Protein chains: 4
Amino acid sequence: MTNTDERRTGVWLIGARGSVATTAITGCAAVTAGLHPATGMVTETPPFATAALPSLSSLVFGGHDTTACPLPKRAEHLAAGGVLPHGLPTALRAELTAADDEIRTGGPLPGDTRTDDELITAFAADITAFVRRHDLARAVVVNVASTEPAPAPGSARLPASSLYAAAAIEAGSAYVNFTPSTGLRTAALEDAARAAGLPHAGRDGKTGQTLLRSVLAPMFVQRALTVRAWSGTNLLGGGDGAALADPAAAAAKNAGKERVLADTLGTTPEGEVHIDDVPALGDWKTAWDHIAFDGFLGTRMVLQTTWQGCDSALAAPLVLDLARLAARAHEAGLSGPLPQLAFYFKDPDPGAPAALADQYAALLAFAGRLRNAR
Amino acid sequence: MTNTDERRTGVWLIGARGSVATTAITGCAAVTAGLHPATGMVTETPPFATAALPSLSSLVFGGHDTTACPLPKRAEHLAAGGVLPHGLPTALRAELTAADDEIRTGGPLPGDTRTDDELITAFAADITAFVRRHDLARAVVVNVASTEPAPAPGSARLPASSLYAAAAIEAGSAYVNFTPSTGLRTAALEDAARAAGLPHAGRDGKTGQTLLRSVLAPMFVQRALTVRAWSGTNLLGGGDGAALADPAAAAAKNAGKERVLADTLGTTPEGEVHIDDVPALGDWKTAWDHIAFDGFLGTRMVLQTTWQGCDSALAAPLVLDLARLAARAHEAGLSGPLPQLAFYFKDPDPGAPAALADQYAALLAFAGRLRNAR
Amino acid sequence: MTNTDERRTGVWLIGARGSVATTAITGCAAVTAGLHPATGMVTETPPFATAALPSLSSLVFGGHDTTACPLPKRAEHLAAGGVLPHGLPTALRAELTAADDEIRTGGPLPGDTRTDDELITAFAADITAFVRRHDLARAVVVNVASTEPAPAPGSARLPASSLYAAAAIEAGSAYVNFTPSTGLRTAALEDAARAAGLPHAGRDGKTGQTLLRSVLAPMFVQRALTVRAWSGTNLLGGGDGAALADPAAAAAKNAGKERVLADTLGTTPEGEVHIDDVPALGDWKTAWDHIAFDGFLGTRMVLQTTWQGCDSALAAPLVLDLARLAARAHEAGLSGPLPQLAFYFKDPDPGAPAALADQYAALLAFAGRLRNAR
Amino acid sequence: MTNTDERRTGVWLIGARGSVATTAITGCAAVTAGLHPATGMVTETPPFATAALPSLSSLVFGGHDTTACPLPKRAEHLAAGGVLPHGLPTALRAELTAADDEIRTGGPLPGDTRTDDELITAFAADITAFVRRHDLARAVVVNVASTEPAPAPGSARLPASSLYAAAAIEAGSAYVNFTPSTGLRTAALEDAARAAGLPHAGRDGKTGQTLLRSVLAPMFVQRALTVRAWSGTNLLGGGDGAALADPAAAAAKNAGKERVLADTLGTTPEGEVHIDDVPALGDWKTAWDHIAFDGFLGTRMVLQTTWQGCDSALAAPLVLDLARLAARAHEAGLSGPLPQLAFYFKDPDPGAPAALADQYAALLAFAGRLRNAR
């Protein structure tokens, strides 16, 4: 429901022309227009009805990207690949064009001679201008760009994801990192966010294999079954598959995937995780997990899972959830990391439980706290 | 750890020469002797250390069965099939023989002319004599017999499982129903148990497909994903496969399997559950589940799971858990149904939550309550 | 390539407005128009280039159906469900409308008082008129209607599928049965076909689980591995799922599925086959197979397969293949059953090999024979 | 059946104390003694009954190894892991001890200062002495050692597997390479084998994933379905898992795995193959394959397979087959590579077909040729 007196909230997406951003923008418009139910959006379920979150219709989208393909065209590509329903990009052309008008060129691009500080200042100015232009109550910056390689140790430069995070702080915006990239996860940036009174959450959205692991691993613990080996293979096309074919990028991703097992099981079982680039799968991904475990008297047993999902369709509603929750946390005066949002992340902020059920309970408690905040 | 002053507790198994009973008796002896860790026994994990449960070494086994194959021989069969470790039946021959000596003939056998009351009295006398013979503090009756067909409506006779449940009450014993058979689930028997001040718990142990469903279904709900269809096939050999090839018996079993979905999802999705008798699998079972669900904007996705486990090895540690918990509940003066033990059952007593995480939390709270009881 | 002098060939589809027929008609037009490659059409591969088959552009479609939804609308439904590419029904509207104009009402409908002979005569007249109207060289009748229940023994009436088969004979047309229904599989009709000099082929198109079984079962035999149990579950939506939820219809289907195992393995292994109606899957089907086999020294091993396909897209190119091959066989003067087409069927005509590789070799040999025929 | 006049045949195993060799030696004795059927041995099926192969009872085992664990003890380990039936190592202790007495120390061991020629001479002397000691008609050398890393280009030394192959030639023995190591696959050694009139066959036994691929890939081709991506993950424990965790060794193995797809499909589809070392699986391996393919009108479909087998139990009967076939080929005067044995190999000798059905036909033809040889 839109409150006519409600001031609008900005959602500034890093990677604003990517699959996830395009799906989030299209989907927000589709749900607002009543064309589709809000399937996959946790913040549209009853427990969040009174948490005073910004309404979907109050969200205004903009962001940074380094590619030029306009959002309406990107949405048509996604519809052709079965990610978006046919006809939806046409029906929502006006909303997509409006969001595309709010996308600014990110960076640093090859050959860019600007220093880190110059880039941060430029990015922050883009965000600030966006907020002013639309008279927004506030904006949330959400990183949904392709995974960047793990930063080289000792590099004098900040990774791009951290430049954007610094810009968010400079612009006075809450920040959410939906990718495994560094983003705000540096001591200096975390201090700066806290000093600026800004909340932030991350990192690495939990949309498939790790989501499953966060419900299955606790089951083994609760039943006192001994996990011997947990192996996994992910097949994904789209941009993410190509990005993660870079071993350095995959390493960042896998660290998050393995964390849930170590945190839950108390030990890291045998087994590897592979991420394969399979362009033929387009935006669809398949994750196979093989779990060898011991039962009573050492009996050997096996659980296998196969998850076949559309990456963007899994991520987009969570991006909208996070933008709303972070904006409301900002409004409510919360600052620093938000481990209460661990439900959404592979590699959550410190202090969060590892089991999905516990993370969900923490999220519900957080909704209650937002309800009672000013 | 055995407390030398501890009075012993009887575990009276209905179906005492079946695979589950044989594995439970063998395994209890193996863990007591330090030959194997207590993998799969929840009551041996830290949260239960102070719940004053009877120690494993204090358990004395007996029971009813209608077959004659002695336990040591049954255990050898299980070892040949890979259910029990090789050598274990030989190492524990004395314990198995001792338990076998405490097995009495059950019924009614074909041609048996005794009335229901006569059978109940005879069974109760067997239990009472067992308690006296070993000077037990108390005994718990646990039904691990083959699933019986759903009782014909309007039958004047009680199903066999209920005769044993009535005998448990008459003998002053707590009662646990690990099968989908009727057992104590009649208004008259529930009243009788309460009047006698006896606790009871049931029914239908949750060891594979339904265990998985009780962690996966909440995930879909918490993530606001719409389950369209949930289909499943179970392949099992052993006695249970043959028993459940009887459509009437399978119907009883499937009712429990479907309950977790209805209770969790709030609706019954499309899809069927099959239970196939595949003798070649022996005591091993394979459960395949196929879950079709909708994500954001109606995108269709699929999760498949394959669970390959040994039925007896999954059930036996839970049977030991339940016997200890029910005995301690009896000692602590609790009576009536124990929905706090829903963690163990497909079709738990009324008032229990459906999600495994919530059931585990309830079980931990129950352990705390036992700790503080006299 | 169309031969401009080529006389056209009729394809008369029983169930002409169903998913398979609609996909076949749409696809033939799309391939002819160069909009799509001929993926899935075996007769468009090099070994068939010189077999003098009627060209795709020479095929004219018509048929019987008992539903009224016109083909262009049916095709739109299939495109919405992802079976046909978006835009294709619109692009081929003229071809679909032309085919729809050639569809006549089948039967018997409820309340129809016509005798079997009257129905056969009426159906044959429809086919004959179609051939004359388009000055066709010949027509092939192909049954792609929903599976009918196995006929009650001793029934005085012919099943509908046999009425159509009799009409094909009366109209002088070759006949192909792509379904498990009876069709021409009666002694009287087989005699009549032979007497009329007409070729026929059947039955029950092999498009998924049985296709896989026909390559996997020979592997076990060739490697001297002992199959202990072969279990399978099929999930399918669409009309076929509903039709096969009728146990009598499923029984007909399963007989074909089991035949390949018995014929290849020389024995029927343990295990069942389930066909579940899951409307949420639409035209998509999933088949899970679990094969328990013994290796050297009795070691137990397992192979599992999961096949996720679109039923109509799997069947349609085979229907076009069969229509072309049967038409050419008719032209070449062949009559009686065509076990050489066993490659396409679950339950082929007598004398056919059971392994797919052998069936493929037989098909190639048949192509060579057609090449050399007049 | 043993022919009492039959001269015995030697089977000289490189890696004679490994899992595969131990299983082959134990299994040969067990089948000879009538303790087990010859499941998995193709040469014991009817088409080979008249090929004049050496009988199983006529085989004498020996070989090289660099480990000291005697065969009876190794067999006990395998029985504990479920690879060999319990009790079998004890029952066949005499046969295992006899074979162990014929095992000589291989090499080069670390610190070994012998030149390649010295090593070849020493190995050949071991084989020659074995043949003389037992008055054997001939011996076949079979490489079943752990996969060695791909040789460094330009190395002056021969890889160990080639030293043994050269020794086989020097000793006048046929040679079979069941591993992906180089073995006889060098121009110089192939020339030498031909000059010596010796047959040889290789390489890399086809026991799981590649076996499946060799039956599934032809299915897609025959059905004109377009394979877009073929991805695979192998989980294996045992020594092989550890050896293949070395990327250089895995590269050798994967080359063979991918060859079957390229040879059959005529193109290499997208997708990778992973080999993970999972010690918890022991001698058991699990291979998951995911095949994305296009059907009619570009419809996207997926086949997945999961193969769970015991590596040694799959390999051992094929090793016995190959030893018998190579010995008989030697006796029959054949020399050079034997592409007729492609049925057994991932990376067969040049000129072999890629589809399993064609390879089986070639094997049967070869059996016929052996039948008619002197």
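These questions and answers cover the interface of chain D and chain C in a predicted model. Local features need pLDDT of at least 70, and side-chain atom pairs count only at pLDDT 80 or more. Residues are numbered from 1 along each chain as its sequence is written.

Student: How many residues of chain D are in contact with chain C?

Tutor: Contact means heavy atoms within 4.5 Å. On the side of chain C, 56 residues take part. On the side of chain D, the number is 57.

Student: What area is buried between the two chains?

Tutor: Buried area is the accessible area (1.4 Å probe) that two parts lose on being put together, summed over both. Carbon and sulfur atoms give 69% of it. In chain D, Arg223(D), Phe296(D) and Leu297(D) lose the most, together 22% of what that side buries. The area for chain D and chain C is about 4400 Å².

Student: How many salt bridges does the rule find across this interface?

Tutor: The rule asks for a side-chain nitrogen of Lys or Arg within 4 Å of a carboxyl oxygen of Asp or Glu. Across the interface of chain D and chain C, the number found is zero.

Student: Which strand of chain D pairs with strand 10 of chain C?

Tutor: Strands are DSSP runs (E, at least two residues), numbered from the N terminus. Two of them pair if DSSP finds at least two bridges between them. Here the pairing is antiparallel, over seven bridges. Val302(C) stands opposite Gln308(D), and the partner in chain D is strand 10.

Terms used
Chains lettered and ligands numbered in written order. Heavy atoms only, no water. Helix = DSSP H or I, 4+ residues; strand = E, 2+ residues; numbered from the N terminus.
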